[in-house]
Amino acid sequence: MIVAPLATYRLQLRPEFGFEQCRRIVPYLAALGITHIYASPIFKARAGSTHGYDVCDHQKLNPELGTPEAFEQLMAECKQQGLGWIQDIVPNHMAVSGDNDMLVDLLENGESSRYYHFFDIEWNHPYKSMAGRMLAPFLGVYYSQALENGEIQIRFGEDGFSVHYYDIKFPLRIDSYGKILTYNLRSLRDSIGLENIDYIKILGILYNIKAVTGEKRESEYYTQIFFIKRLLFEMYQSSPSLHQFIDANVRIFNGQGNDGEGDRFALLDDLLSEQFYRLSFWKVAGEEINYRRFFSINNLISLRIEDEKVFSHTHKLILQYLHDQTFSGLRVDHIDGLYDPSLYLQRLRGQAPDAYIVVEKILMRHESLPAFWPVQGTTGYDFMALACNLFVHADQETAFQKAYAGYAGIRQSLDAILAEKKKNIIKRHMAGDVDNLARLVKTLSSMDRQGIDITMAALKQAIAGLLVQFPIYRTYLSHEAFRPLDLSYIRAAIRQTRRANPDLDFELDFLERFLLLEFGETLVAAGKREWTNFAMRFQQVTAPLMAKAMEDSTFYVMNRLLCLNEVGSDPGRFGLTAEKWHAAIQKRMESWPATMNASATHDTKRGEDARLRLAALSEMPQEWTETLKVLRQATGGKRGRGQTSQAPDRNEEYFLYQTLLAHLPFDETERASFPQRLRAYLIKAMREAKERSNWLSPDEQGEQAYGDFAEALLKPGPGNVFPGRCEPLLKRVAQVGMVNSLSQTLLKIAAPGVPDFYQGTELWDFSMVDPDNRRPVDYSRRQKVFKEINGAFEADSKKLAHQLIEHPEDGRIKLFLIWRGLQTRQDFAELFRKGDYRPLAFTGVRREMAFGFARRLGGDMVLIVIPRLFAKAVGEEAHFPLGAFWEDTALLSPEPRLFTDVFTGRELPAESALYLTEIFRDLPFALLVSRIAEPTAPA
């Protein structure tokens, strides 16, 4: 039976925070009320990895995180403290690295490798230079330049001959050894003699090299290769003449040992031409590529996880840990990258019937998770979007749009910006993917008379246009099934593409039939399978394109209100009414009651509390507009210049001012490092926006000017315009933002689903995008604060509440809310897992500013009451909305009964109307509980 966690805590494990460091904080997490640690990938990754998603071996723990014994001790501590373990796994891709033994084996042995079909490589590519070879786009310059500069070198060692390009290492195929070992072999014979044992051994090795290429038995093949390498290295170590011979040949092949006549690199070029990989300039992959990558990252190669053999190999240790209950569940990374996500999840569920499983899936505004997936839900981006929008004032959208357009001059719609970004990404990074799709269709078009006259050029245009207009991350058509909803997404994309490209009408008609799987009566089974294969391949391209264009580009250009520019959110949706929020949550509960409720992850664009400050800003359009005018006048002469224009431009300034409002920390010690962190963030923002700068050709002059401009705003002194003249707005945003953040935290804890806490967010989280949000967490401080709060609560809970509200900037109030909220989840565990959900009704002057819901199961009931959209009412003082602020506003109790406030211990009477002056007397949030024993049935 699947038992959902009550609360998860996400940890980013890395070399400096491994198994031992994790073990030390387990008692603290358990005391806080966490029931499951939710860990980043822990399997062997590329050396020095800070995140673990560049997996090199799924069957080994990452030695940089600690020993297997340290992991066992960690698991023992978790078990002792009653904590489960949710493991993040990466089924889609692995690192291109010398540490990836499977890939090294493949690149050394080609078709003879036991891993030949493991990676998503198109070995039968029509381009001769990639036929039977994997493109290896890792050179910093063109191949010919790297070769002639002597940057590509052959080396010999214990594991045989290998090719090196700086720190990149690839193996030589075994039959290539013959070219090196036979070069000048006669001179070796003449110098040591025909009957010399070393010469005889070399001949034996050469004989074995020729023999091994024809060996069909896998075990014998690998045995012979082991023998060849071992014997050759032993001879190299023991025989001075052979040592000298190999070293001399290596120098010659590297262009270093001849007399300088002729082409010094011809031997090496010839040797490289026959390998199972083709070294190339990294930019080549943007236009020509024959392996599938994670997004457009060349050094992450995708797996054919749909192959059961590949699944079994990569999931062997994962399933072992699930079966012995080391793992309680899994988080599946990048589910949209898989060829057939539905098949994968069914296979995984079949092997792990009792595991809690969630998928990393980004849902667009009106999109739902496929109902037939055997999972508990998503990692919670959808909840994050709902929670933030609840605190964004929808009525102020027009005012904000006017302020944004007036200051930044950006009048393009979100759709127009996104489409332009998609076009540019296809052109710069994914033209090769489009080319591969077009060739698939071209191959199949010969089977259909309607497609026989469609050219490759037209196909590429039509496919690229369709990718640009695709409205969601991906659809889920497969050989076995599809959602009817998927067909509507495809039809919508075709319609939009036709409008944008009317001259491609015939080609789009043809593609529409393909993508809708309208085979026709004459197509044979094999043709249908290939036809479906194209649709499934197409789906694998739409997701990374949308992610790169939306999250990693548009989010840094469409800057109207940055709290909406978040993973899983939609900058075009400005706020959410209470009624729509309730409807969305009830729908989630009906379909996915155990899905995750997240408010921050390692991938979010800004910290959860920074985001809610900007939600507070949505209530203050007039103040924001006036602040922009002040800043415009005060900073006019302080800009620098980039390569082509003034820096920062107006849109970048607008982005910066919101960033300062959102991320300026309360803690003075943190403020000292803030300018440096901000500068790094602004550089990343400029490059992600891809307007004046980008990762491929950065405008370093413009980036420097942007950072200097920002730093000047923060320097102390009377002329410092931002802290000086903007202090009133900053104070209001920070104060209202704190209330919003506390409310968001309580919603996350009490709403249907599993609350997930990102590492360190027990205190205020004003972090910026990664790597800033993956900085080390000071757990000593958090444990100290928790111990103090725990003791103070036991002594006098009401006094503690007053102390916390007097100094909210220190973050203790947030940790207190989390602790008491999670303790309540444990006390009412079944209610929070299975209880119903009912919106609460309010009456009185401030009723529109009050929000809440009830959860009930049997005789147990919990009420959640919070304020929202109250900034105008509290005025410029921006005090917390407590007590008398609520005038005659009352909560209409769903059932008159005695309730207890879990934060203060106060009891509220069993009345039909509970006045908010009492509910919010001590704190600006409330979690009220009531337990009535149900009557026992008569014997």
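At what angle do the axes of helix α17 and helix α20 cross?

**View 1. Helices α17 and α20 meet in this predicted model.** The axes of helix α17, which spans residues 431-445, and helix α20, which spans residues 505-515, come within 12 Å and cross at roughly 90 degrees. Because angles of 65 to 115 degrees count as roughly perpendicular, α17 and α20 are therefore described as roughly perpendicular to each other. On the side of α17 the contact is made by V441, L444 and S445, and on the side of α20 by F510, L511 and F514. Of the residues in this contact, five are nonpolar and one is polar, while none is charged.

**View 2. Three strands form an open sheet.** The strands follow the order β22-β25-β28, and their pairing is antiparallel. Because β22 (841-843) and β28 (913-915) stand at the edges with a single partner strand each, one side of each is left without a neighbour in the sheet. Neighbouring strands of this sheet are turned against each other by 30 degrees on average, with direction ignored. Three bridges join β22 to β25, the strand of residues 890-892, and A841 stands opposite L892 in β25.

**View 3. W581 lies in the largest nonpolar core.** This core has 311 residues, and those with the most contacts inside it are W85, F161 and W581. Leaving aside neighbours within four places in sequence, W581 is in contact with residues including F383, L386, L576, L747, Y837 and F853. A second, separate core consists of eight residues, among them A4, I86, V358 and A594.

Definitions and conventions
Residues are numbered from 1 along each chain as its sequence is written. This is a predicted model: local features need pLDDT of at least 70, side-chain atom pairs count only at pLDDT 80 or more; totals for chains, interfaces and linings use all residues. Side-chain values use heavy atoms; hydrogens and water are left out. Two strands pair if DSSP finds at least two bridges between them. Helices (H or I, at least four residues) and strands (E, at least two) are DSSP runs, numbered from the N terminus. Axes are lines fitted to C-alpha atoms, for helices over the stretch in contact, and angles run from 0 to 180 degrees between N-to-C directions. Angles under 35 degrees count as roughly parallel, over 145 as roughly antiparallel, 65 to 115 as roughly perpendicular and the rest as oblique. Contact means heavy atoms within 4.5 Å. Ala, Val, Leu, Ile, Met, Phe, Trp, Tyr, Cys and Pro count as nonpolar, Asp, Glu, Lys and Arg as charged, and the others, Gly among them, as polar. A nonpolar core is a set of buried Ala, Val, Leu, Ile, Met, Phe, Trp, Tyr and Cys residues joined through side-chain atoms within 4.5 Å. Buried means under 20% relative accessible area, exposed over 50%, partly exposed in between (1.4 Å probe, protein chains only).
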